[in-house]
Amino acid sequence: MALKRYPSLSSTQKLTFCLLYEIGKGSSSWWFPYFKHLPTTYETLATFGEFEKQALQVDYALWEAEKAASKSHTEWRGVKGLMEESNIKNQLQTFKAWLWASATISSRALYVPWDEAGCLCPVGDLFNYAAPEGESLDIMDVSSFSQHASLNGNITTDGLHKEEQDTQRALTDGGFEENVSAYCFYARESYKRGEQVLLSYGTYSNLELLQYYGFLLQENPNDRVFIPLEHEIYSSSSWPKESLFIHQNGNPSFALLSALRLWATHPNKRRGVGHLAYAGSQLSVKNEVLVMQWLSKNCHAVLNNLPTSVEEDNQLLCNICKIQDLQGPTELGKMLLTVGGEFCAFLETYGLVNREETELHLTGKIKRSLERWKLAVQWRILYKKALVDCTSYCTRTTCSLSS
């Protein structure tokens, strides 16, 4: 195969190309029975159109969606020459085909130690996801933090990164075992006949689940919500940016509280209290109140700057679900007359404005867009709920400090 003449291709590009190449063989491929059962569409972030990306509303989520789409396009362009040289069928050389194949690899490939892209494992990729609830960096025993203190009294986080990576690998329910030359799965609980077996793929936020797998969880203990932080908050501590987040239940992360406590301390005094902040201790009642007030104020500011509220989003989500369940054009026409706002933009995007009732029809393309739109709305609802719950957390904490 011509792959050797393209050494700059990544492992993922090579595996995605090989998938399309093998599919091009049709029924003569050894993998054909497996290919017949693969999904025909995916809802990963890279497949989001402009309308669905904008529906996420939050800047960093929009950026992740743009980045995912751009990455897919760049990888496709890098393989076009190889596909042409290998005489793959024209329909398999399109960007649409590449998006499908790369989403297949992203959502179904299993980790193997010898190849970064992983491998496709028939049957092994049928298990649905269950989020692990084991220890993460945020809830590890804080006594281990002091082990990473440098001699000059500052705290370094290099060791913590290593521990987080090791924890991530431990929070999966399967892996390739060289001693038996097989991919082995292990159940973490006893299942009764007829029960669905769920496996953990690792710890992912809801945005990461959307990016790699095309779904999200209404209850995800590993979800992370980010709000804009001032530069001085980042520079006042050595915590990595990705650790400064709010949990799905509204509680600020250990690192975010630590960083805010240091930031709210006078610069001349930070060195003397740094060990307390990194150990998770409150520095003073006044300091803690300042932190809670700042956090609550900024959560409110983010919510107020977003174009819709949680209540409006819930109503929108309800309407999307209703439209997905409609059968005929008459029902669809009546439903579309009662909705407005974001729906108007959706109707314009797909040319459904001012159409005769008999011409209204949910094509496959529109149905797929509705599903991605629904996922975007679900994600932003969970984002906003976390901020609302965080303001409640701040209020409770402030009241307890005052009593």
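**Close-up 1. Ser258, a buried residue in a predicted model.** Let's start with one serine. In this predicted model, Ser258 has a relative accessibility of 1%, and buried means under 20%, so Ser258 counts as buried. You'll find Ser258 in helix α9. Who are its contacts? Leaving out residues up to four places away in sequence, Ser258 touches Trp239, Ala277 and Tyr278.

**Close-up 2. Helices α14 and α15 packed against each other.** Here, look at α14 (residues 342–349) and α15 (residues 364–402). Their axes sit 12 Å apart, and the helices pack at an angle of about 150°. Angles over 145 degrees count as roughly antiparallel, so that's what we call α14 relative to α15. As for handedness, the crossing of these two helices, α14 and α15, is right-handed.

**Close-up 3. The residues where α14 meets α15.** Zoom in on the side of α14 and you'll spot Glu342, Phe343 and Phe346. They meet Ile366, Ser369, Leu370, Trp373 and Arg380 from α15. Sorted by class, this contact has five nonpolar residues, two charged ones and one polar one.

**Close-up 4. The largest nonpolar core.** This core has 63 residues. Which of them touch the most other members? They are Ile227, Trp373, Trp379, Tyr383 and Leu387. Helix α15 gives the largest share, 15 residues. For background, nonpolar side chains tend to be buried together in soluble globular proteins.

Key: Residues are numbered from 1 along each chain as its sequence is written. This is a predicted model: local features need pLDDT of at least 70, side-chain atom pairs count only at pLDDT 80 or more; totals for chains, interfaces and linings use all residues. Side-chain values use heavy atoms; hydrogens and water are left out. Axes are lines fitted to C-alpha atoms, for helices over the stretch in contact, and angles run from 0 to 180 degrees between N-to-C directions. Helices (H or I, at least four residues) and strands (E, at least two) are DSSP runs, numbered from the N terminus. Angles under 35 degrees count as roughly parallel, over 145 as roughly antiparallel, 65 to 115 as roughly perpendicular and the rest as oblique. A crossing is left-handed if the near helix is turned anticlockwise from the far one by less than a right angle, and right-handed if clockwise. Contact means heavy atoms within 4.5 Å. Ala, Val, Leu, Ile, Met, Phe, Trp, Tyr, Cys and Pro count as nonpolar, Asp, Glu, Lys and Arg as charged, and the others, Gly among them, as polar. A nonpolar core is a set of buried Ala, Val, Leu, Ile, Met, Phe, Trp, Tyr and Cys residues joined through side-chain atoms within 4.5 Å. Buried means under 20% relative accessible area, exposed over 50%, partly exposed in between (1.4 Å probe, protein chains only).
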